[in-house]
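Please read the points alongside the sequence and the coordinates.

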Amino acid sequence: MYLMVKKIKMKLSRQFTLFGSAIFCVVIFSLYLMLDHVPFDHPKNVKKGGLFPNAQLSILHEKIDHLERLLAENNEIISNIRDSVINLSESVKDNQGDHETSNSSKGFFSEVFGSSSSIISIEAEDCQFASKGYAKGSNLQMLDIYNILPFDNPDGGVWKQGFDITYNENEWDDEKLQVFVVPHSHNDPGWLKTFDEYYSDQTQHILNNMVVKLQEDARRRFIWSEISYFSKWWSTIDSQKKDAVKRLCELGQFEITTGGWVMTDEANAHIYAMIDQLLEGHQWLERNLGIKPRSGWAIDPFGHTPTMAYLLKRTGISNMLIQRVHYSVKKYLAKQRDLEFFWRQNWDQNGNTDILCHMMPFYSYDVPHTCGPDPKICCQFDFKRLPGGRISCPWRIPPVEIHDGNVQERAKLILDQYRKKSKLYRTKVVLIPLGDDFRYDQWSEWDQQFQNYQRLFDYMNTHPELHVKAQFGTLSDYFDALHKTTESGNAPSPFPILSGDFFTYADRDDHYWSGYFTSRPFYKRMDRVLESHLRAAEILYSLALVGAQQSNKMTMFPSSEDYKLLTEARRNLGLFQHHDAITGTAKEWVVMDYGTRLFHSVMNLKKVIGDSAHFLILKDKENYKHIPSMPFLQMDDSQASQDSLPQRTTIELSVTPRFLVLYNPTDQDRISVVTVQVNSHKVRVLTGSGQPVEAQISAVWDRSTTISKDLFQISFVAHVSALGLGLYQLVEASDIKPMLTDYTVYPNGREETSVESPFKIDTLKSYTGDITIENLNLKAWFSGTKGFLKKINIKENQSEHQINIQFWWYGTTSNRDKSGAYLFLPDGEAKPYIPSEPPILRIARGRLFSEVLCIYQHFTHSVRLNNVHGVDGLSLEISNIVDIRREINQEIVMRLTTDVKSNNQFYTDLNDFQIQPRQTLSKLPLQANFYPLTTTAYIQDNDVRLTLHSAQSLGIASLKSGQLEVILDRRLMQDDNRGLGQGLKDNKITANLFRVLLEKRVGVDVHDESNKAVNYRSLLSHKVCSYLNHPIFPMVVNLNVDGVPPLLKLYSPLTLSMPCDMSILNLRTIEGKVDGIPSDEAALIIHRKGFDCRFLNKNTGLFCSTTQGKIRVHSLFRDLRIQHLIPSTLTLMHKTQNDNTTRDIELNPMEISTFRIKLR
């Protein structure tokens, strides 16, 4: 650990020891007092020899043992004592022995631990990881390659983007050239047609033909990737055909590559969804075919992330193939014969993450660009293009059928291409893909391709002077031969080691595919909402399922019904990860189809969350009744259609308490501001045990300057345990003096507010000075004329930082090729947003939050400061509602201009998994300096880091020092000639959400960092991102429920918060042997995050610690016993160890591990 952190720990260690010992004594004393004074309810069957139920006695004794163990561990004692004391305190108040906690905002929680600051306990070893630099042994670092490359585009001859390839005919005299021709069909699960349309028109025929045609000749091979299509087809075929498919797999004629639900996009996709679609595909394969994919195949994603390489490696896959990489990078690697390499993660110090990667060298994955460098010749060997067919060769030299009279000439012609292609690689094994989009849907193509190629192979293989062995093969056939060639003897591996990513992709000239990072942002946001709902539903359902089994309530709990909804949601989310779905690059009606699927799944998951929370929050499970027509819990928002924004539902109040159940989907105990909509401003908020909670009442604005008379929003600070449920009450109280929000409105010439209301509203014509709002930690200044943020003061160290938010427009170039769904081709630098009329400004100030909102023609922009301790109060929440539906060829940008001295360096996340350093290069066009933003981007200097956290995937850049700019939406009137045939004209009113975090850095040298290819977020940044993307779920008990049974004040499934750097990515119930029925096992997926310690860890509000990656298995869950815990590969394809129930879980930084878990 760095010196400062060491000093802090040494200084506080004695205080913590004394403090902990004192509290420990209080806890032990209270526990034993409980044994004497708490009147436990006696169960019906009390065992002999004792007055108390064994379960409750064991809970108390386990708690004592647990406290004694943790007393010796400085890094965990604070969390443990806090939980224990709160639980005991509440238990005494309620005269009950169950785990219930008062969530009073002014209770013991803040009195003991303080609410102004806290310092996270970080193990010294945990801080060392982030100080390491390059991945050791990497020969090729993509940051270095980008610095070297001139990014020119000279004419390379027949290989336009490459160079002339020559060879010596005797090169293969001692070792034959091995040629593997790999037939494939790329089936987009939606693009120009919907998923179902493609399946009906083409995909089902491809797979039906495959079964017949492969059986005609044992030498034939075929590969397939998209399990979404394959599973749909499988459900329609008879057992005879299924058996035939299984035989073809066993014989090696048919191979499933990657095995994901889709061939996922790699720029916009979040790691949760990337893993989930792999899990869905691999689990389906295991249940139905009993096969485990060995090789990855990604020929169409528009750029490639090392995150995918890591995930494939963790599943047990050992080889992978990629295609869409910048043409200059391909050319550079081809010249060095480095197109096959071990792809290593930037942080990896020992090669554990290495996976062998094959990069295809040429422009496309179609037949003209896969046999060799000359597409004019390769096209002549795409026999689907024979004269008389529906497609032909653009080079106007058609293929000819192979016969005895021409086979010699044709074989030598294509062999020349094979040899030239092989010269770009380091071995004498060459891969030749043979396919394209939706190929082999006609019987005739199977015959044309396979029969003509077999004649060529027969000729080559029977003429030894050619020194070639040519054959059909699967992808794994190729890699097996490659490994056999390179692993013979003791020679070192011929393949280099590469680290880094392959963004941003360009396929020719200055045509950079950075537009799709933002295209159709409405659905990118809906994707993230569905992810949040799915993860919440998975975890709650898994816990409720175990609880229902324990309580003998399986006949009542809708386990099968809800599991089918979960499965459907997994598959709809998986489908949307397809590289023409989340990317926003499909036809308009296809986008609507995706959106409808997402929308329905969000609605269905609300039901699953409500059903599961209903069971878990009941104090006595005997009271559980599931009535489908009257759900016990209702969510606090609803969405009218797939293309509309969600709206809050209104909670009808009365003097009878309305119970509010809050679910915290994050892994640590949480303090957050929760807001719900009610029908009265005379409302009192109480904890589950009846203690008052401070609340702020806000207006609901019907129009820009008019408020509703009947609707109000109430905000309060909620405390909810990790992955737990908290209970609150809302009561109408005519005698209460509510804490109302004060408003100042600047209508700037519009109609002024005149409705009677309980709120104090100052209406002023205009204002030219600065507007300020502040909370405990920050003070922010805004322009009085524009309403945009200007600067921030961090109160802790009284440092002031310029952060100017502005909005800008990009147009599109006047050249023939213009911006479209894929491409970003701007008409120069951005132009400032100049409104046609001044904005309406509305300033809200209150005890719990303050906000500045400005309403412009094309967007409503707001910045909010929550006045609470901890994570929620340390960042600014930025919300934009964007509407550019009437614009023509415009892209709207939010730009942050700061005084951070970042030079040309900035950092973006890859899939919310790792941070990739970026350099803004003047030698590249503007559009090339945009990169994908999944959740996090930051700029920094020696003193400060400014991080922009995002709740949706978008495109981001830092074009000048101190700047970050993010594209919010794009409206484009034309196609960009990449096959879609449409522009982007179906824009929606789109919401996007961000948080801006400023952190004081200590002990860093930014010049030293510029030489490193790896960087990490802070622990606080990780939590801000988690809070943003996983908000608390409020649910209200249905008003029509006949009598509310006793509810738990708090449901807390974890014994402790997870360590600060570890998170539960998922707790996903596994499907049983019968389709659609859950098993009694789940996949527990845990991620240990890498983090940078070099920040002031004050005022975080995080009551957690780091533990060197260790979690005690026996104390992970509070009231559940782990029956078995089996370490497995990421998608459960392979068991990596035997049952681990008695040992600690231990993860290295950045590691993601999956365990097959059975709870009881």
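1. V685 stands opposite V693 in β21. The two strands, β20 and β21 (residues 692-693), run antiparallel and are joined by two bridges; strands are taken to pair if DSSP finds at least two bridges between them. Four residues lie between the strands of this hairpin, and among them G690 has a positive phi near 95°.

2. The model is predicted, so local features need pLDDT of at least 70 and side-chain atom pairs count only at pLDDT 80 or more, while totals for chains, interfaces and linings use all residues. Residues are numbered from 1 along each chain as its sequence is written, and side-chain values use heavy atoms, with hydrogens and water left out.

3. Strand β20 (residues 683-687) also pairs with β24 (residues 725-732), in the antiparallel sense and over five bridges. V683 has E732 as its bridge partner in β24. Because four of the five residues of β20 are buried, this strand is largely enclosed by the rest of the structure; buried means under 20% relative accessible area, with a 1.4 Å probe and protein chains only.

4. For the chain overall, there are 21 helices and 52 strands. Helices (H or I, at least four residues) and strands (E, at least two) are DSSP runs, numbered from the N terminus. Of the 1160 residues, 65% are buried. The accessible surface comes to about 41,700 Å², and 49% of it belongs to carbon and sulfur atoms.

5. An open sheet of 11 strands deserves attention; its order is β26-β25-β32-β33-β34-β35-β44-β41-β40-β37-β38, and its pairing is mixed. The edges are formed by β26 (761-763) and β38 (914-919), each with a single partner strand, so one side of each is left without a neighbour in the sheet. From one strand to the next, the twist averages 15°.

6. Within this sheet, β37 (residues 905-910) is mostly covered, with six of its six residues buried. Strand β37 pairs with β38 in the antiparallel sense over six bridges, and F906 stands opposite R918. In the hairpin of β37 and β38, which has three residues between the strands, N911 takes a positive phi near 65°. Two bridges join β37 to the antiparallel strand β40 (residues 936-940), where Y938 stands opposite Y907.

7. S879 lies in β35 (residues 875-882). Leaving aside residues up to four places away in sequence, S879 touches T860, H861, S862, N992 and L993, where contact means heavy atoms within 4.5 Å. S879 and L993 are 114 residues apart along the chain, yet their C-alpha atoms are separated by 4.7 Å. Strand β35 is joined to β34 (residues 859-866) by six bridges, and the two run antiparallel; H861 stands opposite N880.

8. The last point concerns two helices. The axes of α14 (residues 407-422) and α15 (residues 443-461) come within 10 Å and cross at roughly 85°. The two helices are therefore roughly perpendicular to each other, a term covering angles of 65 to 115 degrees. Residues meeting across this contact include I414, L415 and Y418 in α14 and Y453, L456 and Y459 in α15.

How values were computed:
Axes are lines fitted to C-alpha atoms, for helices over the stretch in contact, and angles run from 0 to 180 degrees between N-to-C directions. Angles under 35 degrees count as roughly parallel, over 145 as roughly antiparallel, 65 to 115 as roughly perpendicular and the rest as oblique. Buried means under 20% relative accessible area, exposed over 50%, partly exposed in between (1.4 Å probe, protein chains only). Accessible areas come from the Shrake-Rupley method with a 1.4 Å probe; for residues, only the protein chains shown count as cover.
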